[in-house]
Amino acid sequence: MAKKVVLVVEYNGSEYKGWQAQKFGVPSVQENLEKALAVIANHPVKVVCAGRTDSGVHASAQVVHFETKVERNERAWTIGVNTYLPTDITVVAARNVTDDFHARFSALSRRYRYVIYSSAFCPAILAKGVTWTYKTLDVEAMKEAAKVFLGTHDFSSFRAIGCQANTPIRTILNFDVQQLGQYIVLDVRANAFLHHMIRNFAGVLMSIGAGEKPVSWAKQTLEAKDRTKGGITAPPTGLYFVDAQYPDVFNVPKRPLGPHFLPYVDEPSYELPS
């Protein structure tokens with residue numbers, strides 16, 4: 001009888017054309033993970049993730065599930081699998097789950113962090129792990145502008161032209177902007193996201209933070225419901241999938257919020273606007 005296993009996976013997406021397995025010769029996170037799991041399981045394995053990431057995007061806690069008929073312990077699905085993975089992909093947790101669990105459809109929300117590095121000089125370390133700007137950003141202006149995105153809206157102005165989602169309606173559950181030393185972190189949790197949605201948020205907020213646009217531009221862009229009225233799409237280098245929330249009954253492993261180079265900060269409390 002097949003069993004279902006959930007994994008939490010961390011990866012540096014710099015060398016991959018996104019999460020999803022593609023045609024032969026195109027490097028993806030999914031393909032590498034499935035190959036490593038197949039060695040330990042001794043049969044082909046297909047995995048499903050909580051949220052697919054684009055080319056160059058990272059994850060500190062991607063959640064995936066797969067089915068297998070073999071008996072393996074947690075050590076085999078973590079340390080054993082990691083033996084066959086490249087060094088920029090790591091399984092950090094594993095657990096058996098019930099048959100009704102689904103990494104994508106059981107998720108209540110997904111959470112990303114977009115990390116901006118504000119400095120006169122481009123960083124040599126983490127050059128592909130942050131989005132660098134030489135401009136001084138007004139974090140309070142960015143924080144004020146981000147408030148307009150909270151709640152349920154038509155986010156057509158923030159979806160990629162080629163986005164294939166059936167609807168542009170999404171619910172932003174929290175949107176926090178924090179300064180941690182030279183890092184400025186956009187922390188966003190939603191029921192689901194559109195293609196390039198967070199990178200387009202970042203493009204708008206960075207323009208506002210740099211004083212190139214007023215705070216009110218965020219609301220104007222949202223209400224336009226037109227991608228051509230928005231700002232630039234910010235680079236993928238600073239974007240991290242950091243959490244997926246599930247009902248407690250599934251007992252999905254939890255990890256500290258990443259990426260791990262950021263200092264720990266107390267979790268703020270969030271409340272949807274009435």
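## Cysteines

Is cysteine 122 buried, partly exposed or exposed? With a relative accessible area of 47%, cysteine 122 comes out as partly exposed. Keep in mind that this is a predicted model.

Cysteine 49 is another story: its relative accessibility is 8%, so it counts as buried. Since a disulfide needs two cysteine sulfur atoms within 2.5 Å, the tally for the structure is zero disulfides.

## Aromatic pairs

On to the rings. There are 17 aromatic pairs in the structure. One of them joins phenylalanine 158 and phenylalanine 201, a tilted pair with 4.9 Å from centre to centre and 50 degrees between the planes. These partners come from distant parts of the chain, 43 residues apart: phenylalanine 158 lies in the loop between strand 7 (151-154) and strand 8 (169-180), while phenylalanine 201 belongs to helix 4 (residues 197-209). Phenylalanine 158 and phenylalanine 201 are both buried.

Phenylalanine 201 also pairs with phenylalanine 175, and here the planes meet at 65 degrees with the centres 5.3 Å apart, so this one is edge-to-face. It's another link between distant parts of the chain, with phenylalanine 175 in strand 8 and phenylalanine 201 in helix 4, 26 residues apart. Phenylalanine 175 is buried, as is phenylalanine 201. Zooming out, ring pairs tie Phe149, Phe155, Phe158, Phe175 and Phe201 into a cluster.

## A charge over a ring

What sits over the ring of tryptophan 217? That's the charged end of lysine 213, 5.0 Å from the ring centre.

Methods: Residues numbered from 1 in each chain as written. Predicted model: local features only at pLDDT ≥ 70, side-chain atom pairs only at ≥ 80, totals over all residues. Heavy atoms only, no water. Phe/Tyr/Trp six-rings, centres within 6.5 Å; stacked < 30°, edge-to-face > 60°. Helix = DSSP H or I, 4+ residues; strand = E, 2+ residues; numbered from the N terminus. Buried < 20%, exposed > 50% of the residue type's maximum accessible area, 1.4 Å probe, protein only. Lys NZ or Arg CZ within 6 Å of the ring centre and 35° of its normal.
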